Amino acid sequence: MATAGIISPTTIRIVGSLSSTSFLHPFRLPSLQLTKAKPTRKLIIRAARTESKGVSLGFRAPDFKLSEPLTGKIWTLDDFESYPALLVMFICNHCPFVIHLKKDIVKLSDFYMKKGLAVVAISSNSAVTHPQDGPEFMAEDAKLFKYPFPYLYDESQDVARAFGAVCTPEFFLFKKDGRRPFELVYHGQFDDSRPNNNMRVTGRDLSMAIDCVLSGQPFKSAQKPSSAGILFVELPITV
């Protein structure tokens, strides 16, 4: 993972006119004035194959307020308060790891939503560096693949930071115990399948975790991290 930035230099501006002898005569040096260069723009790009990081189980789901490009509706964590479990997925349109699983993510979500699971997908990728991940194309993707869940746009990337999300796809499964906040019980892979590894997509790991949560049983199996693709790319900032 690499970060690249541009440092604003301090420039020297010469005040007054210069003659051909200005630098020859010891008493006729031109006046010099130090001025700071205008702020520059930079992109902090974090793009690499990576794995989801260790977020402590028991982590409480942070609140969010995000728009759904397809409908224009604003969604918050409170909209899912009545559900016994919540699956939060960080995905995007262009990532090959997401594309590899996309149809099966829809199948799994549709199946478990009928059993009472709440599901929400969030894209935190910058439309500046990846226009295909912008809200207009998110709406098209949601319509094309018939997403049964809301697909929300995290333009500021604040929500991704709050969850500790670093890659796509990344899965966070929370359980709800009465009036207590959603509590993280699974933060792992969809299954062992990856692009080009010739393993069939099954959704086994995530399905097992959801089954346990919906049945009120503890999930004791090992949680393998998602081996995922491009990290979200941060927005341009001024330095």
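**View 1. R161 and D158 pair within helix α3 (residues 158–163).** R161 is partly exposed, with a relative accessible area of 42%. Here, buried means under 20% relative accessible area, exposed over 50%, and partly exposed in between (1.4 Å probe, protein chains only). D158 is also partly exposed, at 48%. Their side chains meet in a salt bridge, 3.3 Å from N to O. A salt bridge is a side-chain nitrogen of Lys or Arg within 4 Å of a carboxyl oxygen of Asp or Glu. Helices (H or I, at least four residues) and strands (E, at least two) are DSSP runs, numbered from the N terminus.

This is a predicted model: local features need pLDDT of at least 70, side-chain atom pairs count only at pLDDT 80 or more, and totals for chains, interfaces and linings use all residues. Residues are numbered from 1 along each chain as its sequence is written, and side-chain values use heavy atoms, leaving out hydrogens and water.

**View 2. D141 forms a salt bridge with K102.** The closest N and O atoms are 2.9 Å apart. The pair links distant parts of the chain, 39 residues apart. D141 lies in helix α2 (residues 135–144), K102 in helix α1 (residues 96–113). D141 is buried, at 10% relative accessible area. K102 is buried too, at 4%.

**View 3. K176 forms a salt bridge with E81.** Their closest N and O atoms are 3.3 Å apart. K176 lies in the loop between β10 (170–175) and β11 (183–186). E81 lies in the loop between β6 (74–76) and β7 (85–90). The pair links distant parts of the chain, 95 residues apart. K176 counts as buried at 12% relative accessibility, whereas E81 counts as partly exposed at 33%. The structure holds five salt bridges, including this one.
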